[in-house]
Amino acid sequence: MIAAGALALLVIGAVGVTCALSGRGGPGGFAGGRFHGPGFGERGLERVLASVDVTAEQEKRIWAIIDDARSEVRPVFRKFRDTRGTVAELLGAATLDRAAFEALRAERIAALDGASKTLTQAALDAAEVLTPEQRAELVERVQERGRHWR
């Protein structure tokens, strides 16, 4: 049950942090039919934390973990904005450079892998802040919520 709780928090944390890191979107974090920006990730995490009755100290520690992960991963996501321009340049060349495309693909995958590792570590660090009972409650709430989404 504890492992499932950590996994649930991992999924929620990683999704929330990733959304919060995008840095785009209007008020409330909604733009173009998708959620973006700090508003979405933060509100979701606040609801999750409130649902398992975290203490003020736990909340402070979890937000510090999330803020550190944001700082580390944000540049990776920002660099992806430049990828479109690079792809356009490569496609617009007189001759397609397959090696350059492969290098770009490998670079982006490596960057995503690094970001994924950072987010996974942050989610697990945040899960360790919670008590086993809080993690169990979190799993229960996520499973209950999942039944409503089907």
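Is arginine 108 buried or exposed, and what is the relative accessibility that decides this?

Reply: This is a predicted model. Arginine 108 counts as buried, because its relative accessibility is 9% and the cut-off for buried is under 20%. Its side chain forms a salt bridge with glutamate 107, with 3.1 Å between the closest N and O atoms. Glutamate 107, by contrast, is partly exposed, at a relative accessible area of 38%.

Two further pairs lie within helices. In helix 4, which spans residues 98-129, lysine 117 and aspartate 113 are four residues apart, about one turn of the helix. These two residues form a salt bridge whose closest N and O atoms are 3.3 Å apart. Lysine 117 is exposed, with a relative accessible area of 55%, whereas aspartate 113 is partly exposed at 39%.

Helix 5, residues 132-149, holds arginine 141 and glutamate 137, again four residues apart and about one turn of the helix. Their side chains meet in a salt bridge with an N to O distance of 2.8 Å. Both partners are partly exposed: arginine 141 has a relative accessible area of 39%, and glutamate 137 has one of 30%.

Beyond the individual pairs, salt bridges with shared partners join Lys79, Glu107 and Arg108 into one network. The search of the whole structure finds six salt bridges, among them the pair of arginine 108 and glutamate 107.

Methods: Residues numbered from 1 in each chain as written. Predicted model: local features only at pLDDT ≥ 70, side-chain atom pairs only at ≥ 80, totals over all residues. Heavy atoms only, no water. Salt bridge = Lys/Arg side-chain N within 4 Å of Asp/Glu carboxyl O. Buried < 20%, exposed > 50% of the residue type's maximum accessible area, 1.4 Å probe, protein only. Helix = DSSP H or I, 4+ residues; strand = E, 2+ residues; numbered from the N terminus.
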